[in-house]
Amino acid sequence: MKDLDTNVLSVISPRPAESYKGNYGRVLTIGGNENFGGAIIMSTSAAVHAGAGLVTCATAPANLTALHSTVPEAMFVDYTDNEAVNNVLKSTTAIVLGPGLGTDETSKKIIANVFANVSEEQYLIIDGSAITLLAQEKDLQANLPQAHIIFTPHEMEWQRLSGIKIAQQTETANRVQQEKLGATVILKKHHTEIYAPNAETFRLPLGGPYMSTGGMGDTLTGIIAAFMGQFAKTNPQKALQAAVYTHSAIADQLSENAYVVLPTDIIGHLQKFMQEHSHENYRTKIGFN
Ligand SMILES: NC(=O)C1=CN([C@@H]2O[C@H](COP(=O)(O)OP(=O)(O)OC[C@H]3O[C@@H](n4cnc5c(N)ncnc54)[C@H](O)[C@@H]3O)[C@@H](O)[C@H]2O)[C@@H](O)CC1
Ligand SMILES: Nc1ncnc2c1ncn2[C@@H]1O[C@H](COP(=O)(O)OP(=O)(O)O)[C@@H](O)[C@H]1O
Ligand SMILES: [Mg+2]
């Protein structure tokens, strides 16, 4: 297993002047039932603050006012309206499916609709409730679509999905189940591990217990979607690694002056962190460092 290092941040490059929002990825976040609206709002807000060009949130209508007052940059569709969801889905680069989605019949229908309509070139980030539901519903699991699928389970979600007990989640055992899924798996924990198809395993040497607050993983999904929308064209593997690295690197910086680092604190520092790294990468490129 190899440790990720700061070199992965080299994907964060200055934006060309001749560009517009359509060049920076369209993100669709799907989740947030009546009880877990915060989860999908944090994911959506993270995607906006990490630079996604256009972001739409498909959620329960009860969350609309909260969504718009937190992140007016994002658009809204009712997550039970398949036609409206599919209209947005068509032109989407990266989809986040699952934060706060819940595991009832409505959630199942929403997942089945996405699976039936997602296409091969799209990035589909499957998190939270969607992982738990997939683990329960073998028919859904048997119909994983052709797309660039990225699972982001915590250890219990991975236990549910892979069948591997937390104490037995070794690199070898995890690799076998990840290959069966044919998808990328980001196993979130202290020192998160990344299992991607045909690639060595990477370990995140950053992050700490100041990150143990509800919503921290929801926030990561939005950062991943935004990074895939902007930086995957040159190197998808590195774009994903950079997203995972950025999430915890910001937390580490903020933890120098904070006992706990909140998901919304990380969201609030994404723009500064990315600007600093893009500037540094530009200086390196022109030979100024
Ligand atoms: N503000 C919100 O609306 C929030 C909504 N959330 C959503 O709530 C749904 C349920 O997710 P939860 O993860 O809370 O509940 P889960 O029931 O899926 O997982 C929590 C269980 O896993 C165990 N566990 C073992 N190892 C763990 C690890 N490394 N990290 C986390 N748990 C571990 C815990 O002890 C607990 O029993 C998801 O859809 C999630 O996105 C949560 O993200 C919390 C915040
Ligand atoms: N002690 C820790 N050390 C490092 N990272 C942590 C620690 N606790 C939590 N995290 C990180 O916080 C995130 C938690 O994700 P998750 O459990 O899905 O949160 P939620 O579902 O509440 O949003 C993961 O990225 C995980 O790696
Ligand atoms: Mg989670």
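Colleague: His 191: buried, exposed or partly exposed?
Modeller: His 191 counts as partly exposed, because it has 15 C-beta neighbours inside 10 Å. The cut-offs: buried is 20 or more other C-beta atoms within 10 Å of a residue's own, exposed is 12 or fewer, and partly exposed is in between, with C-beta atoms placed from the backbone. This is a predicted model, where local features need pLDDT of at least 70, side-chain atom pairs count only at pLDDT 80 or more, and totals for chains, interfaces and linings use all residues. Residues are numbered from 1 along each chain as its sequence is written, and chains are lettered from A and ligands numbered from 1 in the order in which they are written.

Colleague: Where is His 191 found?
Modeller: In the loop between E8 and strand E9 (193-195). Helices (H or I, at least four residues) and strands (E, at least two) are DSSP runs, numbered from the N terminus.

Colleague: Switching to Gly 98. Buried or exposed?
Modeller: Gly 98 is buried, because 33 other C-beta atoms lie within 10 Å. Its loop runs between strand E5 (94-97) and helix H4 (105-117).

Colleague: What does Gly 98 touch?
Modeller: Leaving out residues up to four places away in sequence, Gly 98 touches Gly 31, Ile 126, Asp 127, Gly 128, Ser 129, Ala 130 and Ile 131. Contact means C-beta atoms, placed from the backbone, within 7 Å.

Colleague: Ligand 1 next. Which residues come nearest?
Modeller: Gly 38, Gly 128, His 154, Met 156 and Gly 214, out of 20 residues around ligand 1. Near means a C-beta atom, placed from the backbone, within 6 Å. H1, helix H5 (128-136), helix H7 (155-162) and H9 each give two or more residues to that shell.

Colleague: How do the residues of that shell divide?
Modeller: Six nonpolar, ten polar and four charged. Ala, Val, Leu, Ile, Met, Phe, Trp, Tyr, Cys and Pro count as nonpolar, Asp, Glu, Lys and Arg as charged, and the others, Gly among them, as polar.

Colleague: And ligand 2: which residues come nearest?
Modeller: Lys 188, His 190, Gly 207, Met 216 and Gly 217, of 17 around ligand 2. H9 gives the most to this shell, with four residues. By class, the shell has four nonpolar, ten polar and three charged residues.

Colleague: Back to H7. Which residues are buried there?
Modeller: Glu 157, Trp 158, Leu 161 and Ser 162. They line one face of the helix, because they fall within an arc of 115 degrees seen down the axis of H7. That arc is taken from the directions from the helix axis to the C-beta atoms. The buried residues pack against H5, strand E7 (148-151), helix H8 (171-181) and strand E8 (184-187).

Colleague: What follows H7?
Modeller: Gly 163, with a positive phi near 85 degrees.

Key. Contact = placed C-beta atoms within 7 Å.
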